[in-house]
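Look over the sequence and the structure below. The paragraphs that follow go through selected strands, helices and ring pairs in turn.

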Amino acid sequence: MLYFTRWKALAVILTALAVCLCAVPNFFPESQVKTWPKWAQRHLVLGLDLQGGSHILLEVDSNSVKKDKLDQVRDDTRRTLREARIVYTGLSARNDSVEVRITKENEVQTALTKLRELSQPLGGLLGSNGQRSLEVSDAGGGLIRLTVPPAAIADRVRQSVEQSIQIVERRVNELGTVEPLIQRQGADRILVQVPGLQDPTRLKELLGKTAKLDFRMVDSNIPADQAQGRVPPDSDLLMSSQSPKVPYVVKKEVLVSGADLVDAQPGFDQRSNEPIVSFRFNSSGARKFSDATVKNVGQPFAIVLDNEVVSAPVIREPITGGSGQISGSFTVQQANDLSILLRAGALPAPLTIIEERTVGPGLGADSIAKGELAAYVGSILVIIFMLLTYRLFGLFANIAVAINVAMIFGVLSLLNATLTLPGIAGIVLTVGIAVDSNVLIYERIREELRGGRTAISAIDAGFKRALSTILDSNITTFIAAAVLFYIGTGPVRGFAVTLGIGILTTVFTAFTVTRLIVATWVRWKRPTSVPI
C-alpha cells in the first residue's frame, strides 16, 4: 500500500493540482475573469440566500388547461364530422364532455366510428396503461357524448407544466440573468429563483403573460358596436389591447398561430419611427399566411395576443414573404418585452403567482459572513485536534483535508454549480468526514503497533485494513446524499451536491494524497517508530 511508482505519484499530484486550480477564478474579480479564455471562466455562482435575488412560485391554471382540452375536442369533432360529410347540430362543451347530435339516424354509427379515432392511449404507445384520452359513447336519440376522463386532464396538466418550465426558462434567460433556478414543484407548480435580481417587477410581467398569438380574420358581417349579445357562434367579441378599448368581432378560426413563429425582434417603423415588432414564420406558417392573405385581399384581419386585438390592418395585397410586423402604439420597453415573449413561445396555460419573496443583498452578505465564520472556527478546531492527537501524522491529515476542500471548490467551479448556505454546511460537514477517514487509518496503525508490528509494516497494514471500513461508511453517506438530491429541491439539493462531491474527494485524498505523503515520509526517514 505504501509503494508508489513515479508515474502513479505524478498522476496523483497532477490530478489534485488540476482540480484545485479550477477554483482559482473564484479569487479574482468577475470583470478580470471575463478577459480570460472561455474554458478558464468557470466559477462558483452564489445562490439566492447568499447574494440576494427574487423567489417566485407559479401555479399552472388547471381550469384553463381543461377548457383548452375541451375546446380542442370540440374543434376536432367539428373537423372530423365535416370531413366525413355527416350532418350534425348542437355541438357544445359541457362540464367534462363535448356533445353533438347527429341529424340522420343512419349516420350515427359512422360518426361513432370516426370520432373514436380521436381517442388515443394515455402516455403514448410505450407508456399506455389501458387508459385513453377520450371516451366516446352513444347517449341515444342521435346524441354522441365525448368525455375527457380525469386521467387525461391530469396528463394534460403534466404536459403543460413541463412545457411551461421550458418557456419560463427561455423568458428568464432572455433577461440576461445569471444561473436562474427553474424547477417543478408538486403536480402543477413551478419554482423560479433568480439570484441577483432585486426588482422582480419586469420578471413578473414576462412570466404572467401567456403570449398566445393568433392571426384571425375580422368578421365584417356584423358591426362590432352592435354585436353585444348577437355574436355569431363561430366568432368572438374581443377588445383592443390599447386604451380606449375598441371592440372587434373576430372569427374563431385561427389562420396562423404563434407556434409557427421562428423569430421576433423589436425595431422602429421607417415611416412613423414608432416602435414595432418584426416577426418571421417558418415554412409552414409562411405558406398558411400566404394562402390566407391571397384569399382575403381587401379584408381586415386581427393580430390577437392573449385574447386582445393588438391591431387589425386591412390586407392590401398578398403577403408571401413569410414575415411581417406588429404595431400598436408600443413603447420601446413594450416592443422589446413582446419580442421576448414571442421568441420564447406561448405558455400552454396561464401562470398564477402564488408566492413571492425578495432577498436583499445585505441578508446574503450576512449569511456569507456567518457561513465563513462557522467554516473557519470548525476547521481551526479540527486542525488543533488532529495536531494534538496525532502530532506529525495529524499535520499530514490537515494537509490532505486542505487539499480536499480546495478540490471540492474546484469541482463545483468546474460544474458552474450554485453555492447556497446549506452548500457551505455540506462543505463544513465534509471536513469532519475527511478527518474521520484519517482517524480510522491512524487508529488502525496504532492497533497494529500494539500488536507487535514494525513501524513500516504497521503503517502499511493500517492503510490496507482501514480501506473497507472507510469505503462502507462513505458509500452509505453518498447514498443518503443521492436520495436527498433526487427527492429534494432548492437548498436541500445544494447541500446534497456539496456533500456528494465532498465524499468523492475525501475517498481520493484519504487513499491517495495522505498515503502518498506518508509513503514519501517513510522513504525519506525510514522510521523505526511512528510519531502517532
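Which residue takes a positive phi in the hairpin of E5 and E6? Gly141 does, with a value near 70°, and the hairpin has two residues between its strands. The model is a predicted one, in which local features need pLDDT of at least 70 and side-chain atom pairs count only at pLDDT 80 or more, while totals for chains, interfaces and linings use all residues. Residues are numbered from 1 along each chain as its sequence is written, and side-chain values use heavy atoms, with hydrogens and water left out.

Helices (DSSP runs of H or I, at least four residues) and strands (runs of E, at least two) are numbered from the N terminus. Two strands are called paired if DSSP finds at least two bridges between them. E5 and E6 run antiparallel and are joined by five bridges; in one of these, Asp138 has Ile144 of E6 as its partner.

Buried here means under 20% relative accessible area, exposed means over 50%, and partly exposed lies in between, with a 1.4 Å probe and protein chains only. In H5, Val108, Ala111, Leu112 and Leu115 are buried. Seen down the axis, the buried residues of H5 fall within an arc of 100°, so they line one face of the helix; the arc is that of the directions from the helix axis to the C-beta atoms.

Next comes an open sheet. Four strands form it in the order E7-E8-E2-E17, with antiparallel pairing. Strand E7 (181-185) and strand E17 (351-359) stand at the edges with a single partner strand each, so one side of each has no neighbour in the sheet. On average, neighbouring strands of this sheet are turned by 15° against each other, direction ignored. Axes are lines fitted to C-alpha atoms, for helices over the stretch in contact, and angles run from 0 to 180 degrees between N-to-C directions. Helix H7, residues 201-208, packs on the sheet and touches E2, strand E8 (189-195) and E17; the direction of H7 makes about 165° with that of E17. Within the sheet, strand E2 (residues 53-60) runs antiparallel to E17 and is joined to it by eight bridges. Gly53 has Val359 of E17 as its bridge partner.

Which residues of H7 are buried? Leu203, Leu206 and Leu207 are. They cover an arc of only 95° around the axis, which puts them on the same side of H7.

Strand E9 is treated next. Six of the six residues of E9 are buried, so the strand is largely enclosed by the rest of the structure. E9 pairs with strand E14 (residues 301-305) in the antiparallel sense over five bridges, and Arg216 stands opposite Ala302 in E14. Four bridges join E9 to strand E11 (residues 247-257), also antiparallel, with Val218 opposite Val250 in E11.

A pair of aromatic rings is described by the distance of the centres and the angle of the planes. Rings of Phe, Tyr and Trp (its six-membered ring) pair if their centres lie within 6.5 Å; planes under 30 degrees apart count as stacked, over 60 as edge-to-face and the rest as tilted. The count comes to 13 aromatic pairs. One of them is the tilted pair of Phe215 and Phe279, at 5.4 Å centre to centre and 50° between the planes. Phe215 lies in strand E9 (residues 213-218) and Phe279 in strand E13 (residues 275-281), so this pair ties together parts 64 residues apart in sequence. Both Phe215 and Phe279 are buried. The rings of Phe215 and Phe281 have centres 5.5 Å apart and planes at 70°, so that pair is edge-to-face. Phe281 is also in strand E13, 66 residues from Phe215, and is buried, as is Phe215. Ring pairs link Phe215, Phe279, Phe281, Phe289 and Phe301 into a cluster.

Thr512 is buried, with a relative accessible area of 17%. Leaving aside residues up to four places away in sequence, Thr512 touches Phe4 and Val12.

Notes
Contact means heavy atoms within 4.5 Å.
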